Every structure is written in structure tokens, then in C-alpha cells.
Amino acid sequence: MEIVIQPTYARLAEVAAEIIRDALLKKPNLVLGLATGSTPIGVYEALVEMHKTDGLDFSGVTTFNLDEYVGIPSDHPYSYHTFMETHLFSLINIPPENRHIPQSTAVGHVGFCERYEAAIVAAGGIDIQVLGIGKDGHIGFNEPSSSLGSRTRIKTLARSTLEANAPHFGGTIDAVPKMAITMGVGTIMEANQCLLLASGESKAAAIANAVEGPITAEVPASVLQMHPQTVVVIDEAAASQLKRIDYYKEVYANKLELLDQEI
Ligand code: PGA
């Protein structure tokens, strides 16, 4: 795992956006796995800025979102369909037919999940999968105890996730949808590269467990230790419980130095 520690959330967002931009410049038909939540918002803002200012072209890009709540209409203000439209899709030029988000209904979900997996394969697989992390170590809506080999399916959300998302649903966890369709841990692991983002003290324990703890279904993000190309981009607060902060910083500084020499 490459651990990139940035001083602030703003820098974290820029670094993550630059990783996506560089990949897009190399491969105009990039397949992106996208995440929702508060953490990637700054990354999407930076990509929108690159599109507006530098003409970064997304017209060949295909996207697959990690997850969507089940039981609210897709045009609900806090659906992930609405989130993506608001923060990214309405602001850059990804063709509508190239954007994929899990459906928001349980009706026919088994067939839907199979077709979602097939669509990822048909697109050539995901090049970069953007990931947030829950306080409980979840990725997507793969809560603790999710099979590390799981595929896209319907999942019941953990209480800590309902609590974290309650502010979007009037403050009460009863109003938060209890289920979601999410890519599985196994689906995520098939991406060529995973880009795990975390900001703030509240994620410090989850990041320490995911990066330096044992690989366990109790912390689904810990399976990323087995992924050959995971970049963890975090701010100082989210890094604060890591044991080897100095080493990670030294590794990254050396990488930048080597890149400078190559230019
Ligand atoms: P957050 O959510 O970015 O809103 O903190 C991350 C997650 O729960 O996966």
C-alpha cells in the first residue's frame, strides 16, 4: 500500500484528483469506480475545476458507483443518484449512457446485481476505484462481517452507518434507509487501482486498523492490504493513529524526488 499523508483535506482532495487526472490523460476511455459521502466531494470539485479551467475531457469516461440506498426514489435529495448529479455529473462531460449507479429498489435486485457486475466486465473492468471508509472500516456498504470475496448484492446497514447518515434524513436513524445495493468487497478488489480516502480524527482508528491491523472481515477495508495497487490518501488527522507515519512520509518524499529526477 502506498500511504500518502497530506497536511489538510484540501491537499488530500487535490492529490487524489491529480491521480485521476493523470490516469485520464493516459487513457481517455478510463473506467472509474466512484464513491459518495463527504470525503470525495473535494476530489470532485477539483476534477470539475480541471474540466472548466484546463479542458480535462471526460467524454470517453465510464463510471460505476459503489452503492445506492434501497427504498428511496432515485430522485430523493439524499439518494446517491442525486449526489452524483449534484457534485459531478451535471458539471462535467461524462456521457449519460456511460454512468452507472446501482438501482434504488429491491425489486429484481438479484438480476440487477448480476447485470451490474457484467456491465463492469463489459466495460473492461474498473481502472481506478475511489473509496471512502466508514468508522467501522466499511468500504462501499460492505459492513463488518461482509465476505471478503463478496460481489454486488443487497446489504443491511450497520447501526453506526445509520447514525452517520442520519443527519441527511432529518436526524433520526429511523428515517435512514436500512438497506443498500453495494458492490462487493471482491468486486472492489478487481479494480486495477484502489484510491482510499479519509479525512479527520473520526477516521483515524479505521485507517490504522485497515492499514496496519490484521486482514479481517471485521474491517473490510483491511483486505486492501492484499491489493497490488492501493493508494491511501489521508490527512494528518486521519493518519494520527498510524504507527509508521514517519516511514510513510519518507517513502512518499523519495517517490516525489525520483519523479523530479525523471522529468
Ligand atoms: P464519508 O463516508 O466520506 O461521508 O465519511 C465514508 C463511508 O462511510 O464510506
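Where is Gly-60 found? I looked this up before anything else, keeping in mind that the model is predicted.

**Entry: Gly-60**

I traced Gly-60 to the loop between helix 2 and strand 3 (62-65). I then checked its surroundings, not counting residues up to four places away in sequence, and saw that Gly-60 touches Pro-28, Asn-29, Leu-30 and Asn-98. Is Gly-60 buried or exposed, or something in between? Its relative accessibility is 29%, so I noted Gly-60 as partly exposed.

**Entry: helix 2 against helix 3**

Next I turned to a helix pair. Two packed helices are described by the angle between their axes and the distance between the axes. For helix 2 (residues 41-54) and helix 3 (residues 80-89), I read an angle of about 40 degrees and axes 9 Å apart. I therefore wrote the two helices down as oblique to each other.

Which residues meet there? From helix 2 I listed Ile-41, Tyr-44 and Val-48. Helix 3 brings Phe-83, Met-84, His-87 and Leu-88 to the contact. I sorted these residues by kind and got six nonpolar, one polar and no charged.

**Entry: helix 9**

I wanted to know whether the length of helix 9 (residues 245-262) fits its residue count.

Which residues of helix 9 are buried? I found Ile-245, Tyr-248 and Tyr-252. They cover an arc of only 70 degrees around the axis, so I place them on the same side of helix 9. I looked for what covers these buried residues, and the cover includes strand 1 (2-6), helix 1 (9-26), helix 7 (204-212) and helix 8 (236-239). Then I went around to the other side of helix 9, where Asp-246, Tyr-247, Leu-258 and Gln-261 are exposed.

**Entry: Ser-145**

My last stop was a backbone angle. Ser-145 is not a glycine, yet I read a positive phi of about 90 degrees for this residue. I located Ser-145 in the loop between strand 6 (128-131) and strand 7 (153-156). Is Ser-145 buried or exposed? Its relative accessible area is 53%, and exposed means over 50%, so I marked Ser-145 as exposed.

Terms used. Residues numbered from 1 in each chain as written. Predicted model: local features only at pLDDT ≥ 70, side-chain atom pairs only at ≥ 80, totals over all residues. Heavy atoms only, no water. Axes fitted to C-alpha atoms, helices over the stretch in contact; angles between N-to-C directions. Helix = DSSP H or I, 4+ residues; strand = E, 2+ residues; numbered from the N terminus. Parallel < 35°, antiparallel > 145°, perpendicular 65-115°, else oblique. Contact = heavy atoms within 4.5 Å. Nonpolar A, V, L, I, M, F, W, Y, C, P; charged D, E, K, R; others polar. Buried < 20%, exposed > 50% of the residue type's maximum accessible area, 1.4 Å probe, protein only. Arc of directions from axis to C-beta.
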